[in-house]
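Welcome! Please take a moment to look over the sequence and the model shown here before reading on.

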Amino acid sequence: MDIFDYDNVLLLPRRCRVESRSECDTSVQFGPHRFKLPVVPANMKTVLDEGIAAWMAREGYFYVMHRFDLDNVAFARSMREQGLIVSISSGVKEADRAVIDRLAAEGLGADYITIDIAHGHADSVQRMIGYIKQRLPQAFVIAGNVGTPEAVIDLENWGADATKVGIGPGKVCITRLKTGFGTGGWQLSALKWCARVATKPIIADGGIRHHGDIAKSVRFGAAMVMVGSLFAGHEESPGRTVEVDGQLYKEYYGSASDFNKGEYKHVEGKRILEPVKGKLADTLREMREDLQSSISYAGGRELRDLRKVNYVILGGENAGEHLLM
């Protein structure tokens, strides 16, 4: 198995078949809905809030609302009243099952439910998938996070409609340092490994540092790409604004950090400061334009054409080797 990550892989261009990059279609069908981009902000408190979630839904982007200090039922009701899709996060505890019960009892339901725990290849996740499918059978269930083909196979067999791949590759995650486990440093390889056995969509979660990494994720099997640090730090971002030496920053911390937990217990995340980078709408526009360029370099017209390109691994024993798969 070749071990590589985003920073040491480059995709190889093919003959361009469009007159203009603007002809390239970046939209993706994910579950029951189609979205403008195969990109979703990480479901973290410093990345999105209710206002950003509603704006993204109105504008045709996928979102997953975080589950921290939030009344999921009230949020779902508000989104339904606005005629917007409901995409929420869930844990695996009794309180999370109670939320599912309330969503069912009040007829609100949910379009997407993401079971979001650090180690998603777990008996508790199997039970939660079954519970959601029983109470809200129309919901599209995303389960994770995982990092092995065995986990993807199990989650799909347990009833998940999509799996989220990535154990600790994010900028504010320190799982590999604290536990010795994870996909940090080889997330793109792990994605390739997991996608080979998947029969349902995969969300690549973590390790994205540049817009080109989105195209690389799609090439190696991602239907959707979850992005944290590139979405943190916008003017609208809910993280606290901090000024350092005249420069404005936004607070960005991991869901498994003590900043999010409110206590130092089972901590696998940290806090950093992201430079304020303008408006979220501008970043999404730039992401779309860059992804259109990626598709044109792939010799295609739509996202799936990215899957057809070859690539090279830079450095090491595989330097310059062209790989087809």
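Predicted model: local features only at pLDDT ≥ 70, side-chain atom pairs only at ≥ 80, totals over all residues.

## Cysteines

A disulfide is a covalent bond between the sulfur atoms of two cysteines. How many disulfides does a search of the whole structure find? The search turns up zero.

Cys16 is partly exposed, at 44% relative accessibility, whereas Cys194 is buried, at 0%.

You can find Asp290 in helix H10, which covers residues 280-297. With a relative accessible area of 30%, Asp290 is partly exposed.

## Backbone details

Most residues other than glycine have a negative phi, and most peptide bonds are trans. Here are some places to look at with that in mind.

Gly144 and Asn145 are joined by a cis peptide bond, with omega at about 5°. Asn145 sits in strand S7, residues 140-146.

Asp69 is not a glycine, yet its phi is positive, at about 55°. Look for Asp69 in the loop between helix H1 (50-59) and helix H2 (72-81); at 71% relative accessibility, Asp69 is exposed. Asp245, not a glycine either, has a positive phi of about 50°. Asp245 lies in the loop between strand S11 (241-244) and strand S12 (247-253), and it is exposed, with a relative accessible area of 81%.

How values were computed: Residues numbered from 1 in each chain as written. Heavy atoms only, no water. Disulfide = S-S within 2.5 Å. Buried < 20%, exposed > 50% of the residue type's maximum accessible area, 1.4 Å probe, protein only. Helix = DSSP H or I, 4+ residues; strand = E, 2+ residues; numbered from the N terminus.
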